[in-house]
2 protein chains.
Amino acid sequence: MKLADAKQQFISSWGAFGTHWGINRTMAQIHALLLVSVSPITQDDIMEQLSISRGNVNMNIRDLIGWGLVERIIITGERKEFFTAEKDIWKVATQIIKERKKRELDPMIRLLAQLENIDDDKKDKDVKQFIEVIRGIKKLGGQADKVLGAMVNAEENWFTGSMLKMFK
Amino acid sequence: MKLADAKQQFISSWGAFGTHWGINRTMAQIHALLLVSVSPITQDDIMEQLSISRGNVNMNIRDLIGWGLVERIIITGERKEFFTAEKDIWKVATQIIKERKKRELDPMIRLLAQLENIDDDKKDKDVKQFIEVIRGIKKLGGQADKVLGAMVNAEENWFTGSMLKMFK
DNA sequence: ATCAACTTTCAATATATTTTGAAAGTTCAG
DNA sequence: CTGAACTTTCAAAATATATTGAAAGTTGAT
């Protein structure tokens, strides 16, 4: 397979993969393009490579920067801005996890904590079951939170280290 | 907070949460409703509680059964079908992980394996970087696959056991 | 075998999300 | 200060996704 074809397929598949996880297809595609670009590229490069509009590129780049996955690069003597993505996949993964944890997991756990406080009769079957389900999800969320938090803050890179040996 | 209000908020939030993870809002809501229902309920019950059409309920219930999260219950003497959801959150989580792994993670890893085979000059900077990124993602995916596979097949329930103690 | 009760399907419709592109905003060299 | 180069914004348009509801299909009691 030729490099150009492989790149294209990677970008396209990464975009499709993203949509299955609640991530805008174009945002994932731009990220993929930046991942496989050796040097920083401009908005015009992205527009051309992915055949999308300037506005679309601009908004999605902004989001990617907000996710901490892409960096704006100013090259002296150049008028245009350049963009580049973190290439270390371990760092990319921990960054994505950190953000999703903050944006989605933590707020959900906070909400569940509130829903536990039911005024009605605690002996009622319905109330019991409801509280049990909420507690269960909260507990699971809390554990995921802890494991992922440890992963994100780990000194050792679990990727290269032996942390995950036990699951072989 | 009253039970009825808490239930409503749970259903609504769970639906919103689902959409952030690529899951149909209504499917997540039906699942939430079944989670907090003590006894099996019918399509009509779901239609009424969530104010949605029969077709919508039917299709999403079918998907939920496909995900292994909901069961069809035949009650002797009743003409209508009833539905119920697994309430053990650990089982729910492993089932969801098992399915997403099968549907999304495994195919992606297979694809990446193909993209590694580049015909062009392996010494070329672009080729090198591309292969490195693909390898990195494949490795990460493989590790996630292993850890999640272990979690799904674990004899011990990590939820109640001490498996996750080390992350406290 | 009939028919009422119930379930399933899917084309049409509605809704939500994404994308565009032109106008407004910003920056900076001369 | 001016204006060309570039970036950002956002209302309108396009597209993708979800929902409806009525017709077709199935089931089982009589």
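Through which surface do the copies, chain A and chain B, meet? Select the interface residues of chain A and then those of chain B, with contact taken as heavy atoms within 4.5 Å: 100% of the interface residues of chain A are also interface residues in chain B, so the copies meet through the same surface.

This is a predicted model, in which local features need pLDDT of at least 70 and side-chain atom pairs count only at pLDDT 80 or more, while totals for chains, interfaces and linings use all residues. Residues are numbered from 1 along each chain as its sequence is written, chains are lettered from A and ligands numbered from 1 in the order in which they are written, and side-chain values use heavy atoms, with hydrogens and water left out.

Now select residues 3-85 of chain A as domain 1 and 89-167 as domain 2, bounds that come from an automatic or database domain assignment. Their centres, taken over C-alpha atoms, lie 30 Å apart.

Finally, display where these domains of chain A touch: seven residues of domain 1 are in contact with six residues of domain 2. The area buried between them (accessible area, 1.4 Å probe, lost on being put together, summed over both) is about 640 Å², with carbon and sulfur atoms giving 66%.

Conventions:
Buried area is the accessible area (1.4 Å probe) that two parts lose on being put together, summed over both.
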